[in-house]
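Here is my short note on this model. Please read the points with the structure open.

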Amino acid sequence: MNERSALVLLSGGQDSTVCLAWALERYDHVETVGFHYGQRHEIELAQRGVIREALAKLRNWGPRLGPDTMIALTELGRISETALTRDRAVAYEKSGLPNTFVPGRNLLFLTYAAAVAYRRGITTLVGGMCETDYSGYPDCRQTTMTAMREALSLGLDYPLEIETPLMHVDKAGTWAMAEELGGTALIDIVIEHSHTCYVGNRSQRHPWGYGCGTCPACELRAKGYAHWRG
Ligand code: ZN
């Protein structure tokens with residue numbers, strides 16, 4: 001077991017990119033895990049390798065960055081019927097949640113990540129879950145994380161920690177955290193390489209990066225950027 005090591009859930013989006021930088025700054029050894037679950041657009045996943053390579057060139061992070069593990073969870077996409085995995089328009093449902101919500105997605109991700117961490121001798125999972133100004137996904141809340149940490153530690157009989165550095169940070173704060181961690185170089189990596197757009201559009205370059213500019217994820221990212229730039 002190595003208490004100075006962490007496993008980061010890296011999707012290729014803005015939040016998980018900043019989480020990877022956060023972990024590389026704090027831990028001696030950092031590995032990444034990603035999930036393929038039948039996303040309509042492969043762009044976000046394709047950006048993961050680009051982001052890893054780019055972060056490895058910053059500060060003293062290169063030697064700290066360990067291997068990446070990709071896990072296929074295609075059944076999740078098949079049973080979810082959401083706008084992320086099917087050819088449907090992004091919209092809000094009666095529950096108030098956007099139809100991009102994949103039920104229980106983070107619960108599964110954390111369980112698989114815990115299994116990888118156990119095998120790799122890593123005791124800390126790092127994820128970009130956030131309950132501030134987000135879409136209200138219940139599996140991103142602190143209460144869910146606390147319960148998952150407890151369940152996984154008991155179920156694996158292994159002292160697992162779950163770190164969520166963005167839990168109480170809004171989108172402007174995420175940009176500020178990126179600047180604090182890696183300066184302009186990290187801001188540039190987030191803008192050029194991280195992908196958040198639900199529609200998977202990378203043809204339009206905005207000041208805050210690539211995306212359609214109108215889906216809920218783009219709107220949130222653009223708003224946060226504008227707020228951070230003041
Ligand atoms: Zn978009």
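1. Start with the metal site. Along the chain, the donors of the zinc ion are spaced C-x14-C-x2-C-x2-C. Bear in mind that this is a predicted model.

2. Which residues supply the protein donors of the zinc ion? They are Cys-197, Cys-212, Cys-215 and Cys-218, each through its SG atom. These atoms lie 2.3 to 2.4 Å from the zinc ion.

3. Next, the geometry. The angles among the four donor atoms run from 105 to 116°. The site of the zinc ion is tetrahedral.

4. Now the helix pair. Helix α1 covers residues 14-26, and helix α6 covers residues 171-193. They pack with their axes 10 Å apart, at an angle of about 70°. Angles of 65 to 115 degrees count as roughly perpendicular, so α1 and α6 are roughly perpendicular to each other.

5. Who makes that contact? From α1 come Gln-14, Asp-15, Thr-17, Val-18, Ala-21, Trp-22, Glu-25 and Arg-26. From α6 come Lys-171, Thr-174, Trp-175, Met-177, Ala-178, Leu-181, Leu-186 and Val-190. By type, the residues of the contact of α1 with α6 are nine nonpolar, three polar and four charged.

6. Last, a serine in a strand. Ser-5 sits in strand β1, which spans residues 2-9. Is Ser-5 buried or exposed? Its relative accessible area is 1%, and under 20% counts as buried, so Ser-5 is buried. Leaving aside neighbours within four places in sequence, Ser-5 is in contact with Tyr-27, His-29, Gly-121, Ile-122, Thr-123 and Thr-124.

Key. Residues are numbered from 1 along each chain as its sequence is written. This is a predicted model: local features need pLDDT of at least 70, side-chain atom pairs count only at pLDDT 80 or more; totals for chains, interfaces and linings use all residues. Side-chain values use heavy atoms; hydrogens and water are left out. Axes are lines fitted to C-alpha atoms, for helices over the stretch in contact, and angles run from 0 to 180 degrees between N-to-C directions. Helices (H or I, at least four residues) and strands (E, at least two) are DSSP runs, numbered from the N terminus. Angles under 35 degrees count as roughly parallel, over 145 as roughly antiparallel, 65 to 115 as roughly perpendicular and the rest as oblique. Contact means heavy atoms within 4.5 Å. Ala, Val, Leu, Ile, Met, Phe, Trp, Tyr, Cys and Pro count as nonpolar, Asp, Glu, Lys and Arg as charged, and the others, Gly among them, as polar. Donors are N, O and S atoms within 2.8 Å of the metal (3.2 Å for Na, K and Ca); water is not among the atoms, so sites may look incomplete. Four donors count as tetrahedral if all angles lie between 85 and 135 degrees; four count as square planar and six as octahedral if opposite donors are over 155 degrees apart and all others between 65 and 115; anything else is irregular. Buried means under 20% relative accessible area, exposed over 50%, partly exposed in between (1.4 Å probe, protein chains only).
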